[in-house]
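The sequence and the structure are shown below.

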Amino acid sequence: MDKFVLRATDPSDLPPDNQLSIRPERPRCSTTGFKRRMKLLFAYEIYGRVLPAFKPFLTRLLLSSYSEFVALNQDQKHPSWFPFRQPRINVISPFVTTIDFDSKGIYLASGNNAGCLFIHEFETLYCSAGKGSDQSRALYLRCFPVDRALQAVRWNPANEDEVACVTTGSNLVYFYDVACESFLPSEVLKVKSLTGWGELGGSVGLFDLAFFKIGKARLVACGKDGRVHLWDRRSSKASYATMTVHDTETSRGLNSVQLSSDEQMLYSASEGGYIYLWDLRGGKNSAFVTSAKDYNQPVAAIRIENQLRKISSLRAQTDICPSSVDAISLNPACEKQLAFHLSCGWSGVLDMTTLDVTHIHCPPPPWSDIASDQRDPISMFSTPGVATFSTFLPRTDIRRRRPVWLNTFPVYAVGSGSDSKVHMLDFTPGPKSRYSLEYYRSNSEEEWQTELRTSEAVVAIASHPLNDILVAGCEGGKLLLIGQKKSSIAEEEISENELESKVSSKEGSAFGAEAE
């Protein structure tokens, strides 16, 4: 059969008469990329879903249209019509610490370090964009005086007229009924210690909480004492189970807690730079096997510093120092992606299947631009194989940032700790993301917007569950709305002839530049 095979021949080996018989290679059409995008767009319009190949292009278009379109002033103190509620804390410069939407995006809950819990209606905030940022005020529906610095606010998925919050001043979980006229908490859950009620080892304060959606009466919270507490509201107001990590200095204090979608795994981030995993199902490695003891061994303990040291390119460019994990969050579109945010300003993604870091974003630390006389010298933790040195961490100037995932696109929105801007990080799974460790860039790929300038420094961010509009809480106490600007067709009316002339001129210039 070898004689029937036609093999490629070098044109130089052919006779002069036959050299012209081989056609030259056809140049690639300059409009191939445009036609491919239009084909994907037509498929999206026909099938009604975004194809994976078209999603990066839509992500770039979405982020290029994002900007801050309104800044609303929010009352940061208790209203004067609270005659019987005197604030226990005196805050000079209050700032927004936490924000959360309900599941339908109708109401928004925000809290600050002055002990005020505000309930807003999103449509009222959104319609305030046309009144001007100087005179706009974030009108609230309800205001609850908690009188302690709020750290986390969550809506109850079983009853969305109810909102829960935790504070740094007590081991209590406060529930407030939005539909009720009373300003007192409708229910208070307590942390039960081995000796009774009260403080646990002198550490008071809870940092984060999460609700179970399947087991609607259960919730979990973590705090300064380095423990994770679980409640069942049907049985008692006291916590029925407690999980803790090793009693070491680097692991004290849990900053964030997260539940998986099937609610069988629990994730928690610590001030020592660890991410812990607990199994809630049962069996040999379950967190409730040794319920009589205070210590329940986690399934895995991942130190982010060790994972970052595995990245040779990152290790060659900068010093990797221990840093606390301020926040963790699962990607709603991809369950295996667990995003984390460090106190030094770095953000990344941990792949829960391999327990390795797949994406990383390393901006300058927030204390790099602060004057040396405002810094407090703090000795860092000593790491084996790394020289111990002293650095400066202005703990009074660093806020615990609360980033958020967009619900439609794999974008992680993080407030910058050193400047007034928001980082829009594309954490798309795979090598197409510019923050992926396996990132490659083609020549035709264009740069897209990754930073959004804001009027004030952002601390906490919440994403609308339906249209991905961002609501950011600032250090100055304002609420910023970030998204696509509202525009009127009457103001930007263009005739068809002008539109056709603009499009034709752009196409002609583009093809002319390609031809040259």
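A residue is called buried when its relative accessible area is under 20%, and exposed when that area is over 50%; partly exposed lies in between. Glu456, at 18% relative accessibility, therefore counts as buried. The model discussed here is predicted.

**Salt bridges**

The count of salt bridges comes to 11. Three of these pairs are set out in the table.

| Pair | Closest N and O atoms | Relative accessible area |
|---|---|---|
| Glu305 and Arg303 | 3.0 Å | Glu305 5%, Arg303 17% |
| Lys421 and Glu451 | 3.5 Å | Lys421 12%, Glu451 35% |
| Glu456 and Lys478 | 3.9 Å | Glu456 18%, Lys478 22% |

Glu305 is buried, and Arg303 is buried as well. In the salt bridge between Lys421 and Glu451, the partners belong to distant parts of the chain, 30 residues apart: Lys421 lies in strand β28 and Glu451 in strand β29. Lys421 is buried, whereas Glu451 is partly exposed. Glu456 forms a salt bridge with Lys478; this pair joins the loop between β29 and β30 to the loop between β31 and β32, 22 residues apart. Lys478 is partly exposed.

**Strands**

Strands β12, β13, β14 and β15 form, in that order, an open sheet with antiparallel pairing. Its edge strands are β12 (206-211) and β15 (241-244), and the twist from one strand to the next averages 20°. Strands β12 and β13 are joined by five bridges, and Ala210 has Val220 in β13 as its bridge partner.

Elsewhere, β4 (residues 116-121) pairs with β5 in the antiparallel sense over four bridges, with Leu117 opposite Phe144. Strand β5 is covered on both faces: Arg142 and Phe144 are buried on one side, Cys143 and Pro145 on the other.

Terms used
Residues numbered from 1 in each chain as written. Predicted model: local features only at pLDDT ≥ 70, side-chain atom pairs only at ≥ 80, totals over all residues. Heavy atoms only, no water. Buried < 20%, exposed > 50% of the residue type's maximum accessible area, 1.4 Å probe, protein only. Helix = DSSP H or I, 4+ residues; strand = E, 2+ residues; numbered from the N terminus. Pairing = 2+ DSSP bridges. Axes fitted to C-alpha atoms, helices over the stretch in contact; angles between N-to-C directions. Salt bridge = Lys/Arg side-chain N within 4 Å of Asp/Glu carboxyl O.
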